[in-house]
Amino acid sequence: MTDLLANLALGFSVAAHPYNIGFCLIGALVGTLVGVLPGVGTVATVAMLLPITFGLPPVGALIMLAGIYYGAQYGGSTTSILVNIPGEATSVVTCLDGHQMARNGRAGAALSISAIGSFFAGCVSTVLVAALGAPLTGLALLFGPAEYFSLMVLGLIFAVVLAKGSVLKAIAMILAGLLLSMVGSDLETGAGRMTFDIPELSDGIGFANVAMGLFGFAEIIRNLEMSAESREIVNAKISGLMPTRQDLIDSSGAIARGTILGSILGILPGGGAVVASFAAYTFEKRISRTPEKFGRGIIQGVAAPEAANNAAAQTSFIPLLTLGIPPNAVMALMVGAMTIHGIVPGPQVMTKQPELFWGMIASMWLGNLMLVIINLPLVGVWVTLLRVPYRLLFPSIIVFCCIGIYSINNSPTDVLIAAVFGLVGYWLVKHDFEPAPMVLAFVLGPLMEENLRRAMLIARGDATVFATRPISAGLLLVSLALLTLALLPMIRKRRDEVFVESEN
Amino acid sequence: MLRLLSRAAFGAFVFAAAAIPAAAQDFPKRNITMVVPFAAGGPTDIVARIVGEHMSKTLGQPVIVENVVGAGGTTGSVRAARAQNDGYAIIMGHMGTHAAAVSLYPNLAYKPDVDFEPIGMAAGTPILIVTRKDIPAKDLKEFVVWAKANNDKVNMAHAGVGSVSFTSCLLLNSILQTKPTQIPFNGTGPALNALVGSQVDYMCDQVVNLVPHVTGGTIKALAVGTAERNPALPDVPTSKEAGLAAFQVTAWNALFAPKGTPKPVVDKLADALDKALDDPAVRKRLLDLGSDIPGKTGRGPQALSTLVKSEIERWAPVLKGTTIN
């Protein structure tokens with residue numbers, strides 16, 4: 001314990017250096033911007049800024065890059081809430097209730113609670129990284145291909161449970177998402193699958209294209225068919241910018257549970273943070289006494305996933321800092337940044353360069369504090385944006401989206417793909433299909449396929465491996481239980497329908 | 001149609017470039033783009049950024065690294081092959097994109113030995129054979145015996161078809177005459193994770209990725225595929241010392257310009273690269289990463305041209321039967 005305090009004191013003395021505070025602030029600001037601008041992803045930004053960090057001192061460079069990463073988690077929720085466009089895969093769930101809250105005139109409360117939830121989660125998980133970083137590392141190593149596959153199955157079941165409409169439609173969307181995720185090169189042979197000889201498809205369809213199309217463009221098309229008066233995003237009067245006391249009481253439990261789920265799942269390489277946000281939402285809906293309010297603008301539906309994705313963003317540093325193994329694309333770039341600076345990431349960073357290790361951890365807490373200070377006053381600015389007339393706001397969203405999508409790969413084809421998904425998304429909304437399960441399946445699909453094939457290869461084709469490995473079996477059992485729970489209301493459908501009607 | 005247009009534009013440019021060779025004398029007048037066909041932060045990218053930074057000083061113009069990723073580095077290589085051949089667009093190619101790719105991709109849209117003007121070798125990264133820490137073999141000889149005895153049980157990890165870890169491990173397998181089950185991963189990171197977690201048995205990869213794990217004891221290093229021991233891992237024997245002299249492989253990175261780039265321009269670039277490789281600070285950074293820096297005879301366009309030809313021939317039999325469409 002005294003060790004921990006001494007280490008944290010060292011960390012704060014490094015992080016509080018004026019230069020490092022400056023880098024942390026720049027990182028947090030850039031991250032917020034990246035999160036807010038639709039289409040501009042964290043991976044692309046960190047990749048672009050990597051060369052700039054060449055001339056900086058290593059600690060400052062890494063503090064800045066880390067700031068961009070978790071800053072984007074804060075910013076990503078802003079567009080989700082305001083205009084129903086998820087900036088990152090982790091803020092897809094935030095759209096569900098966040099945007100509904102905005103439509104009900106409660107955008108301010110939604111934005112504030114997501115900042116507060118993220119801050120709380122950031123604080124808790126920073127301490128977690130500091131205290132339990134080393135022992136928790138082992139968890140990531142317990143997960144082999146079979147375990148990952150089962151975790152991904154569980155993730156997809158979450159998507160079924162969180163859907164507010166028909167279970168059958170949710171499953172259909174998941175299968176469609178999985179199918180879409182298979183476009184691209186085969187992992188084992190490199191052969192093109194469903195690429196139709198279009199070179200742009202050989203590396204698969206980008207997440208940004210799908211998300212912008214299904215959420216952003218589809219939303220705009222849907223708005224166009226309404227009368228001019230009802231087009232404005234906010235139909236109701238905008239009520240207070242800050243959450244009420246009742247809001248805080250309602251969401252405190254959700255934030256705490258989201259933080260725990262996010263911290264655990266964030267350690268796992270791959271889709272940890274994405275699964276975490278979906279899991280937190282599903283969990284809240286399950287234990288809520290009013291599950292029918294989810295998807296219609298309930299504050300817990302914003303608080304839980306936002307806390308979870310931020311906690312996961314922090315704890316995903318654990319495998320990087322303790323093992324030197326990057327759990328996702330952004331972390332892989334951080335490894336690159338370290339190597340360029342002559343730091344070899346791995347277990348020895350903690351002992352050989354304690355000022356770097358603890359400085360980064362302390363800066364994460366400072367960064368989170370800065371983000372709250374940056375974001376809370378901005379809430380008012382963002383909410384005013386909603387008052388911008390529709391005819392000005394929506395063309396600018398389209399332009400921003402297109403620039404964002406184009407800039408990822410400098411590819412006009414990507415913009416076309418997003419446009420096609422816009423039409424698909426419009427059709428889906430018209431037929432009461434929810435895009436969120438499809439996007440989740442699209443994100444998790446490649447991980448699921450890879451790990452399924454790896455597990456089967458290692459087991460030499462013996463499928464029982466998923467049931468004989470204890471962690472994998474446990475995850476599959478939870479999936480089964482959740483699926484049963486989701487299907488139960490279908491069996492009692494009559495009663496449910498009566499319930500919904502009486503509520504309206 | 002678009003492609004046709006760009007072809008036409010390209011053709012027009014070739015004509016223009018041929019018409020004014022004088023432009024080569026005051027080269028470079030603006031930024032030079034160095035395409036890296038892999039992600040930022042990877043081994044090739046790091047070498048490119050380190051030498052590119054120093055080349056900027058010699059050339060008096062910034063050398064800007066552009067990462068064009070996809071299809072095992074061939075996407076970026078195609079783009080570089082079709083770029084204007086005025087020396088302002090060059091590429092840091094490597095063993096995969098400019099040698100092994102010929103055997104791997106039957107429909108490859110460029111010929112590494114024909115469509116590029118070689119500038120020179122930059123730096124190579126030696127390949128290391130590593131195993132999970134609890135493997136029942138204490139050195140390479142025991143590993144060979146074990147791998148042959150358990151042929152159908154052995155799992156080899158690699159970072160994707162066509163990656164350096166894939167091609168170099170196929171070389172090892174072809175020498176050993178073994179056929180392990182190949183477990184593909186998306187990049188070195190996930191593959192390494194599985195090796196540290198003992199879910200796979202062995203892999204081959206560039207020294208730079210593996211050093212911390214070998215010194216940390218989370219994986220076991222059997223041999224390095226170079227003539228001399230690596231300064232970053234002085235305790236790891238060379239393949240010759242370990243009894244497998246045939247395993248000689250280095251993931252080389254080298255600079256190329258599009259075909260038809262004027263010779264004076266190529267020479268200027270080669271000279272800048274040569275000066276970068278002589279700079280003590282650059283050398284230190286590269287050596288700290290475990291890289292191999294070519295000696296004077298291994299540098300320059302001529303040496304690279306010979307290397308590319310011999311490497312294409314060398315990989316053909318190893319990769320026979322492994323093609324990517």
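Student: Into which domains is chain B divided?
Tutor: This is a predicted model, in which local features need pLDDT of at least 70, side-chain atom pairs count only at pLDDT 80 or more, and totals for chains, interfaces and linings use all residues. Residues are numbered from 1 along each chain as its sequence is written, while chains are lettered from A and ligands numbered from 1 in the order in which they are written. Domain bounds come from an automatic or database domain assignment. For chain B they give domain 1 (2-124 + 252-318) and domain 2 (126-224).

Student: Which helix supplies the largest share of the side of domain 1 of chain B that touches domain 2 of chain B?
Tutor: Twelve residues of domain 1 of chain B are in contact (C-beta atoms, placed from the backbone, within 7 Å) with 13 residues of domain 2 of chain B. On the domain 1 side, α4 (96-104) and α11 (300-318) of chain B each supply at least two residues. Helices here are DSSP runs of H or I with at least four residues, strands are runs of E with at least two, and both are numbered from the N terminus. The largest share, four residues, comes from α4(B).

Student: How far apart are the centres of domain 1 and domain 2 of chain B?
Tutor: The centres are taken over C-alpha atoms. For domain 1 of chain B and domain 2 of chain B, the separation is 30 Å.

Student: Why are α4(A) and α15(A) described as roughly antiparallel?
Tutor: Axes are lines fitted to C-alpha atoms, for helices over the stretch in contact, and angles run from 0 to 180 degrees between N-to-C directions. Angles under 35 degrees count as roughly parallel, over 145 as roughly antiparallel, 65 to 115 as roughly perpendicular and the rest as oblique. The axes of α4 (residues 58-83) and α15 (residues 329-340) of chain A come within 10 Å and cross at roughly 170°. The pair is therefore roughly antiparallel.

Student: How do the residues of the contact of α4(A) with α15(A) divide by class?
Tutor: α4(A) brings A:Ala61, A:Leu62, A:Leu65 and A:Tyr69, and α15(A) brings A:Val330, A:Met334, A:Ala337 and A:Met338. Ala, Val, Leu, Ile, Met, Phe, Trp, Tyr, Cys and Pro count as nonpolar, Asp, Glu, Lys and Arg as charged, and the others, Gly among them, as polar. The division is eight nonpolar, no polar and no charged.

Student: At what angle do the axes of α1 and α17 of chain A cross?
Tutor: α1 covers residues 2-15 and α17 covers residues 354-385 of chain A. Their axes come within 7 Å and cross at roughly 75°. That makes α1(A) roughly perpendicular to α17(A).

Student: Is A:Met194 exposed or partly exposed?
Tutor: A:Met194 lies in the loop between β2 (192-193) and α9 (207-224) of chain A. Its phi is near 50°, positive in a residue other than glycine. A residue is buried with 20 or more other C-beta atoms within 10 Å of its own, exposed with 12 or fewer, and partly exposed in between, the C-beta atoms being placed from the backbone. A:Met194 has 13, so A:Met194 is partly exposed.

Student: Is B:Gln177 buried or exposed?
Tutor: B:Gln177 has a positive phi of about 60° although it is not a glycine. B:Gln177 sits in the loop between α6 (164-176) and β6 (181-184) of chain B. With 8 other C-beta atoms within 10 Å, B:Gln177 is exposed.

Conventions: Two residues are in contact if their C-beta atoms, placed from the backbone, lie within 7 Å.
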